[in-house]
Amino acid sequence: MPAARLEVERLSAGYGSVGILSEMSLVVPAGGRLTVLGRNGVGKTTLLATIMGLTSHQGGVIRVDDRDVTGLKTYARAAAGLGYVPQTRDVFRSLTVEENLFTGLKGRPRSELDEVYTIFPRLAERRHHNGAQLSGGEQQMLSLARTLLGKPSVLLLDEPLEGLAPVICDRLMETIVDLAQSGEMTVVLVEQQIERALDFADDVIVIERGRIAWSGRTERLRGERELVDALLGVGIG
Ligand SMILES: Nc1ncnc2c1ncn2[C@@H]1O[C@H](COP(=O)(O)OP(=O)(O)OP(=O)(O)O)[C@@H](O)[C@H]1O
(Lines give C-alpha, C1' and ligand atoms only; values in the text may rest on other atoms or scores of the structure.)
Protein backbone atom coordinates (compact mmCIF):
# COMPACT_ATOMS: atom_id res chain seq x y z
CA MET A 1 0.00 0.00 0.00
CA PRO A 2 1.35 3.49 -0.76
CA ALA A 3 1.52 6.14 1.96
CA ALA A 4 -1.87 7.48 3.01
CA ARG A 5 -3.13 10.73 4.49
CA LEU A 6 -4.20 10.49 8.14
CA GLU A 7 -6.88 12.80 9.40
CA VAL A 8 -8.21 13.06 12.92
CA GLU A 9 -11.14 15.41 13.44
CA ARG A 10 -12.39 16.50 16.87
CA LEU A 11 -11.42 13.18 18.38
CA SER A 12 -12.42 12.51 21.98
CA ALA A 13 -11.65 9.21 23.70
CA GLY A 14 -10.66 7.58 26.96
CA TYR A 15 -10.97 4.45 29.02
CA GLY A 16 -14.50 3.33 29.90
CA SER A 17 -16.41 6.48 30.73
CA VAL A 18 -13.25 8.41 31.66
CA GLY A 19 -12.32 11.04 29.08
CA ILE A 20 -8.62 11.52 28.25
CA LEU A 21 -8.50 13.05 24.75
CA SER A 22 -10.59 16.09 24.07
CA GLU A 23 -11.57 17.20 20.56
CA MET A 24 -8.17 16.63 18.98
CA SER A 25 -7.73 17.45 15.30
CA LEU A 26 -4.70 16.83 13.11
CA VAL A 27 -3.79 16.02 9.53
CA VAL A 28 -0.67 14.24 8.33
CA PRO A 29 -0.34 14.32 4.52
CA ALA A 30 0.55 11.11 2.66
CA GLY A 31 4.27 10.50 3.18
CA GLY A 32 4.42 13.09 6.00
CA ARG A 33 6.26 12.75 9.30
CA LEU A 34 4.59 13.96 12.49
CA THR A 35 6.07 13.90 15.97
CA VAL A 36 3.81 13.91 19.02
CA LEU A 37 5.39 15.49 22.10
CA GLY A 38 4.17 16.12 25.63
CA ARG A 39 5.00 15.43 29.25
CA ASN A 40 4.28 12.08 30.86
CA GLY A 41 0.65 11.10 31.10
CA VAL A 42 -0.79 13.79 28.79
CA GLY A 43 -2.36 11.28 26.36
CA LYS A 44 0.24 10.52 23.66
CA THR A 45 -0.16 6.74 23.88
CA THR A 46 -3.90 7.16 24.18
CA LEU A 47 -3.93 9.08 20.89
CA LEU A 48 -2.16 6.28 19.00
CA ALA A 49 -4.23 3.60 20.73
CA THR A 50 -7.41 5.49 19.83
CA ILE A 51 -6.41 5.73 16.17
CA MET A 52 -6.05 1.92 16.29
CA GLY A 53 -9.43 1.47 18.00
CA LEU A 54 -8.05 0.28 21.33
CA THR A 55 -9.75 2.79 23.65
CA SER A 56 -13.32 3.92 24.12
CA HIS A 57 -14.27 6.32 21.39
CA GLN A 58 -16.26 9.27 22.66
CA GLY A 59 -16.54 11.46 19.57
CA GLY A 60 -14.94 12.60 16.35
CA VAL A 61 -13.71 10.97 13.17
CA ILE A 62 -10.54 9.18 11.99
CA ARG A 63 -9.86 8.91 8.25
CA VAL A 64 -7.19 7.08 6.29
CA ASP A 65 -7.12 8.82 2.92
CA ASP A 66 -10.81 9.45 2.46
CA ARG A 67 -11.96 6.34 4.24
CA ASP A 68 -13.70 6.79 7.59
CA VAL A 69 -12.26 4.05 9.84
CA THR A 70 -13.79 5.31 13.10
CA GLY A 71 -16.32 2.51 13.44
CA LEU A 72 -13.92 -0.29 12.47
CA LYS A 73 -12.42 -2.94 14.77
CA THR A 74 -8.65 -2.89 15.21
CA TYR A 75 -7.98 -5.70 12.70
CA ALA A 76 -10.05 -3.89 10.07
CA ARG A 77 -8.10 -0.67 10.72
CA ALA A 78 -4.90 -2.65 10.14
CA ALA A 79 -6.37 -3.92 6.88
CA ALA A 80 -7.20 -0.30 5.98
CA GLY A 81 -3.49 0.54 6.26
CA LEU A 82 -2.81 1.45 9.89
CA GLY A 83 0.23 -0.17 11.53
CA TYR A 84 0.96 0.23 15.26
CA VAL A 85 4.14 -0.50 17.19
CA PRO A 86 3.15 -0.11 20.86
CA GLN A 87 5.46 1.04 23.64
CA THR A 88 5.19 -2.43 25.18
CA ARG A 89 7.00 -4.03 22.20
CA ASP A 90 4.64 -6.57 20.81
CA VAL A 91 6.84 -9.67 20.80
CA PHE A 92 5.83 -13.29 21.45
CA ARG A 93 8.51 -14.26 23.96
CA SER A 94 8.23 -18.03 23.51
CA LEU A 95 8.38 -17.90 19.70
CA THR A 96 11.57 -17.50 17.69
CA VAL A 97 12.32 -14.31 15.79
CA GLU A 98 11.32 -16.03 12.55
CA GLU A 99 8.09 -17.41 14.04
CA ASN A 100 7.26 -13.93 15.33
CA LEU A 101 7.77 -12.59 11.82
CA PHE A 102 5.60 -15.34 10.31
CA THR A 103 2.68 -14.02 12.35
CA GLY A 104 3.10 -10.68 10.55
CA LEU A 105 3.07 -12.26 7.08
CA LYS A 106 -0.61 -13.15 7.23
CA GLY A 107 -0.46 -15.57 4.32
CA ARG A 108 1.90 -13.60 2.10
CA PRO A 109 4.97 -15.38 0.72
CA ARG A 110 7.80 -16.25 3.03
CA SER A 111 10.21 -14.48 0.67
CA GLU A 112 8.92 -11.17 2.08
CA LEU A 113 10.87 -11.96 5.24
CA ASP A 114 14.04 -11.27 3.26
CA GLU A 115 13.00 -7.64 2.91
CA VAL A 116 12.84 -7.12 6.66
CA TYR A 117 16.04 -9.11 7.18
CA THR A 118 17.71 -6.66 4.78
CA ILE A 119 16.45 -3.73 6.85
CA PHE A 120 17.34 -5.45 10.15
CA PRO A 121 20.34 -7.75 9.57
CA ARG A 122 20.55 -8.31 13.34
CA LEU A 123 17.19 -10.09 13.21
CA ALA A 124 18.51 -12.40 10.48
CA GLU A 125 21.43 -13.34 12.73
CA ARG A 126 19.05 -13.99 15.62
CA ARG A 127 16.29 -15.68 13.60
CA HIS A 128 16.34 -18.91 15.64
CA HIS A 129 16.44 -17.21 19.06
CA ASN A 130 13.32 -16.87 21.17
CA GLY A 131 11.77 -13.44 21.72
CA ALA A 132 12.64 -13.72 25.42
CA GLN A 133 16.36 -14.05 24.59
CA LEU A 134 16.52 -10.78 22.68
CA SER A 135 17.86 -7.49 24.03
CA GLY A 136 15.49 -4.53 24.35
CA GLY A 137 16.78 -3.07 21.08
CA GLU A 138 16.32 -6.37 19.25
CA GLN A 139 12.78 -6.72 20.61
CA GLN A 140 12.02 -3.21 19.39
CA MET A 141 13.38 -4.09 15.93
CA LEU A 142 11.31 -7.28 15.90
CA SER A 143 8.13 -5.48 16.89
CA LEU A 144 8.73 -2.87 14.17
CA ALA A 145 9.73 -5.49 11.59
CA ARG A 146 6.55 -7.48 12.22
CA THR A 147 4.42 -4.39 11.75
CA LEU A 148 6.30 -3.51 8.55
CA LEU A 149 5.45 -6.92 7.09
CA GLY A 150 1.83 -5.74 7.09
CA LYS A 151 2.93 -2.98 4.65
CA PRO A 152 1.14 -0.20 6.55
CA SER A 153 0.40 3.02 4.74
CA VAL A 154 0.38 4.86 8.08
CA LEU A 155 2.86 3.74 10.75
CA LEU A 156 2.21 4.69 14.39
CA LEU A 157 5.31 4.38 16.59
CA ASP A 158 5.12 4.75 20.37
CA GLU A 159 8.47 5.61 21.97
CA PRO A 160 10.55 3.15 19.94
CA LEU A 161 13.79 4.39 21.54
CA GLU A 162 12.76 3.93 25.17
CA GLY A 163 15.39 2.13 27.21
CA LEU A 164 17.79 1.64 24.31
CA ALA A 165 21.52 2.45 24.27
CA PRO A 166 22.39 5.61 22.28
CA VAL A 167 24.16 3.68 19.53
CA ILE A 168 21.10 1.45 19.02
CA CYS A 169 18.87 4.55 19.04
CA ASP A 170 21.00 6.03 16.25
CA ARG A 171 20.64 2.90 14.14
CA LEU A 172 16.92 2.48 14.76
CA MET A 173 16.23 6.15 14.08
CA GLU A 174 18.18 5.95 10.80
CA THR A 175 16.00 3.00 9.80
CA ILE A 176 12.81 4.86 10.67
CA VAL A 177 13.95 7.95 8.73
CA ASP A 178 14.83 5.76 5.71
CA LEU A 179 11.40 4.13 5.85
CA ALA A 180 9.68 7.49 6.05
CA GLN A 181 11.79 8.98 3.27
CA SER A 182 11.04 6.04 1.01
CA GLY A 183 7.63 7.71 0.63
CA GLU A 184 5.94 4.35 1.18
CA MET A 185 4.42 5.32 4.48
CA THR A 186 3.22 8.18 6.58
CA VAL A 187 4.78 8.10 10.05
CA VAL A 188 3.49 9.34 13.41
CA LEU A 189 6.14 9.16 16.12
CA VAL A 190 5.63 9.57 19.85
CA GLU A 191 9.07 10.18 21.33
CA GLN A 192 10.50 11.59 24.57
CA GLN A 193 13.96 12.23 23.10
CA ILE A 194 13.04 15.63 21.78
CA GLU A 195 16.11 16.35 19.67
CA ARG A 196 15.82 13.05 17.83
CA ALA A 197 12.09 13.52 17.42
CA LEU A 198 12.53 17.00 15.96
CA ASP A 199 15.31 15.86 13.63
CA PHE A 200 12.85 13.31 12.28
CA ALA A 201 9.65 15.29 11.86
CA ASP A 202 8.24 17.80 9.38
CA ASP A 203 5.47 18.73 11.79
CA VAL A 204 4.94 18.55 15.53
CA ILE A 205 2.01 18.53 17.89
CA VAL A 206 2.43 19.09 21.60
CA ILE A 207 -0.26 17.61 23.83
CA GLU A 208 -1.21 18.94 27.22
CA ARG A 209 -3.89 17.27 29.33
CA GLY A 210 -5.52 15.53 26.39
CA ARG A 211 -5.64 18.57 24.12
CA ILE A 212 -3.37 19.85 21.39
CA ALA A 213 -1.56 22.77 23.01
CA TRP A 214 0.66 23.58 20.00
CA SER A 215 0.96 22.41 16.42
CA GLY A 216 3.11 23.52 13.52
CA ARG A 217 6.29 23.02 11.54
CA THR A 218 9.30 21.63 13.36
CA GLU A 219 11.50 24.65 12.55
CA ARG A 220 8.96 26.94 14.15
CA LEU A 221 9.00 24.97 17.40
CA ARG A 222 12.78 25.12 17.46
CA GLY A 223 12.48 28.92 17.36
CA GLU A 224 10.15 29.02 20.35
CA ARG A 225 12.35 27.95 23.21
CA GLU A 226 10.29 29.53 25.96
CA LEU A 227 7.17 27.81 24.72
CA VAL A 228 8.96 24.49 24.56
CA ASP A 229 10.20 24.99 28.10
CA ALA A 230 6.71 25.81 29.28
CA LEU A 231 5.02 22.91 27.50
CA LEU A 232 7.64 20.23 27.87
CA GLY A 233 9.72 21.35 30.82
CA VAL A 234 12.97 20.89 28.88
CA GLY A 235 15.13 23.01 26.63
CA ILE A 236 16.08 22.16 23.07
CA GLY A 237 19.32 22.94 21.30
N1 LIG B 1 -5.68 1.42 30.31
C2 LIG B 1 -5.93 2.56 30.95
N3 LIG B 1 -7.01 2.68 31.77
C4 LIG B 1 -7.28 3.84 32.41
N5 LIG B 1 -6.51 4.97 32.32
C6 LIG B 1 -5.44 4.90 31.53
C7 LIG B 1 -5.08 3.71 30.81
N8 LIG B 1 -3.94 3.96 30.10
C9 LIG B 1 -3.61 5.25 30.37
N10 LIG B 1 -4.50 5.81 31.22
C11 LIG B 1 -4.48 7.20 31.72
O12 LIG B 1 -4.61 8.05 30.59
C13 LIG B 1 -3.81 9.22 30.75
C14 LIG B 1 -2.92 9.39 29.54
O15 LIG B 1 -1.99 8.28 29.49
P16 LIG B 1 -1.07 8.02 28.25
O17 LIG B 1 -0.37 6.71 28.50
O18 LIG B 1 -1.85 8.17 27.01
O19 LIG B 1 -0.03 9.22 28.37
P20 LIG B 1 1.37 9.44 27.65
O21 LIG B 1 1.39 10.88 27.27
O22 LIG B 1 1.56 8.42 26.58
O23 LIG B 1 2.38 9.19 28.84
P24 LIG B 1 3.86 8.54 28.87
O25 LIG B 1 4.75 9.55 28.24
O26 LIG B 1 4.10 8.38 30.32
O27 LIG B 1 3.79 7.24 28.11
C28 LIG B 1 -3.04 9.05 32.07
O29 LIG B 1 -3.73 9.77 33.06
C30 LIG B 1 -3.14 7.57 32.33
O31 LIG B 1 -3.13 7.31 33.71
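The legends below accompany close-up views of a predicted model.

View 1. Six strands make up an open sheet of mixed pairing, and their order is β6-β7-β8-β3-β9-β10. The edges are formed by β6 (82-85) and β10, each of which pairs on one side only. On average, and with direction ignored, neighbouring strands of this sheet are turned by 15 degrees against each other. Helix α6 packs on the sheet, where it touches β6 and β7 (154-158), and the direction of α6 makes about 170 degrees with that of β6.

**View 2. Strand β3 and its two partners.** Strands of a sheet pair through backbone hydrogen bonds, either parallel or antiparallel. Strand β3 (residues 33-37) pairs in the parallel sense with strand β8 (residues 186-190), over four bridges, and Thr35 has Leu189 as its bridge partner in β8. Strand β3 also pairs in the parallel sense with strand β9 (residues 203-208), again over four bridges, and here Val36 stands opposite Ile205 of β9.

**View 3. The hairpin of β9 and β10.** Strand β9 and strand β10 (residues 211-217) run antiparallel and are joined by six bridges, among them the one that links Glu208 with Arg211 of β10. Two residues lie between the strands of this hairpin, in which Arg209 takes a positive phi near 40 degrees.

**View 4. The largest nonpolar core.** This core has 64 residues, and those that touch the most other members are Val36, Leu48, Ala145, Leu156, Leu157, Val188 and Leu189. Helix α6 (residues 136-149) gives the most to the core, contributing five residues. Which residues does Val188 touch, if residues up to four places away in sequence are not counted? Val188 touches Leu6, Val28, Leu34, Val36, Leu48, Leu156 and Leu157.

View 5. Strand β4 (residues 56-64) pairs with β5 over two bridges in the antiparallel sense, and Arg63 has Asp68 as its bridge partner in β5.

Conventions. Residues numbered from 1 in each chain as written. Predicted model: local features only at pLDDT ≥ 70, side-chain atom pairs only at ≥ 80, totals over all residues. Pairing = 2+ DSSP bridges. Core = buried A, V, L, I, M, F, W, Y, C linked by C-beta atoms within 7 Å. Buried ≥ 20, exposed ≤ 12 C-beta atoms within 10 Å, placed from the backbone. Contact = placed C-beta atoms within 7 Å. Axes fitted to C-alpha atoms, helices over the stretch in contact; angles between N-to-C directions.
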